[in-house]
Amino acid sequence: MEAGNQTGILEFILLGFSEDPELQPFISGLFLSMFLITVLGNLLIILAICSDPHLHTPMYFFLSNLSLVDISFSSTIVPRMLVSIHTENKAISYMDCLTQVYFSMFFPILDTLLLTVMAYDRFVAICHPLHYMVIMNPPLCGLLVFVTWFIGVMTSLLHIFLMIHLRFCGDLKIPHFFCELTQILKLACSDTFLNRTLIYFMTGVLGVFPLVGILFSYSRIASSIRKMSSAGGRQKAFSTCGSHLSVVSLFYGTGVGVYFTSAVTHSPKKVSVASVMYTVVTPMLNPFIYSLRNKDVKGALGRLLSRVASCL
């Protein structure tokens, strides 16, 4: 089969994890459970922040955006995979695949930039506490979130623009459970030099630079914490940063794990399993990290659930 742009090509085939029919109910049940936990957990975080005036601060404004992104990211991938398993139809149309490629790049970019913004927020809160509310004013917070979304939209659109000019031929089977860009490029008959160059460049700009910014922020935070004379102040500073550091470590750790797995192994199944960590597991664990390690969020969740229980 050969195609260029949107002519001739009808669909790709997503091979998923296994073709063994006996494993499909287990895979379906596992991913459905993780998806429901992800949606419920992140939705509770958003509702708790919106309903509790004590959490109407820049840090929790960014956290609510992160939870929204996590819900959206999982919703881009998991429901489509569950439908494929239940209908026993692994085909995905060209346009649906393009859409999935777009959002599977868009939301991780938002994750990276939001985590960087949250690190800057913690830097200002701990290193410049007297000027925190002046620096992190509502217009600036709104502008930072807008910039992250704008960068995500434009970067993902640029990848899609280059992708729609590719021609595909031969066996259009994707050894993955979603339309992942690098896997699709392997199926292209035309030159993918520009596509791969853009991937490497954007990985450096939107992956490495934000990480450097996060590390710089926390180096300054650590320096400020060491200078604190109060043990209570140090403990409070560590508690406000602990959740964010855990999420950053999980996000970048799984991302690096997927990269090295794809680099050292030629087994598509191992790459798919590794990809589950950052596409499904990380968004699922984030609400637990923030609710278990953050007393403010834990208290707000308790009050929210109490109000819900009293209304039943």
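Student: In this predicted model, which helix gives the most to the lining of the largest pocket, and how many residues does that helix give?

Tutor: Helix H7 gives the most to the lining of the largest pocket, with 9 residues.

Student: How much space lies in the second largest pocket, and which elements give two or more residues to its lining?

Tutor: About 580 Å³ of space lies in the second largest pocket. Of the 18 residues that line this pocket, Arg122, Lys236, Ser239, Thr240 and Asp296 are the closest to its centre, and the elements that give two or more residues are H2, H3, H8 and H10 (295-311). Helix H8 gives the most to this lining, with 6 residues, while by class the lining has 7 nonpolar, 6 polar and 5 charged residues.

Student: At what angle do H3 and H7 cross, and are the two helices roughly parallel or roughly antiparallel?

Tutor: The axes of H3 and H7 cross at roughly 20° and come within 9 Å, which makes H3 roughly parallel to H7. Their crossing is left-handed. Among the residues that meet here are Leu113, Ala119 and Phe123 in H3, together with Leu206, Ile214 and Ile221 in H7, and the contact has 14 nonpolar, 4 polar and 2 charged residues by class.

Student: At what angle do H2 and H3 pack, and how far apart are their axes?

Tutor: Here the other end of the scale applies, where angles over 145 degrees count as roughly antiparallel. Helix H2 (residues 58-87) and helix H3 (residues 94-127) pack at about 160°, with axes 9 Å apart, and H2 and H3 are therefore roughly antiparallel to each other. Helix H2 passes H3 in a left-handed crossing, and their contact divides by class into 16 nonpolar, 5 polar and 5 charged residues.

Definitions and conventions
Residues numbered from 1 in each chain as written. Predicted model: local features only at pLDDT ≥ 70, side-chain atom pairs only at ≥ 80, totals over all residues. Heavy atoms only, no water. Axes fitted to C-alpha atoms, helices over the stretch in contact; angles between N-to-C directions. Helix = DSSP H or I, 4+ residues; strand = E, 2+ residues; numbered from the N terminus. Parallel < 35°, antiparallel > 145°, perpendicular 65-115°, else oblique. Left-handed = near helix turned anticlockwise from the far one by under 90°. Nonpolar A, V, L, I, M, F, W, Y, C, P; charged D, E, K, R; others polar. 1 Å grid on protein atoms, 1.4 Å probe; cavity = no way out; pocket = protein on both sides within 12 Å on 5 of 7 lines; lining within 4 Å. Points joined across faces, edges and corners; volume = space filled by probe spheres on them. Contact = heavy atoms within 4.5 Å.
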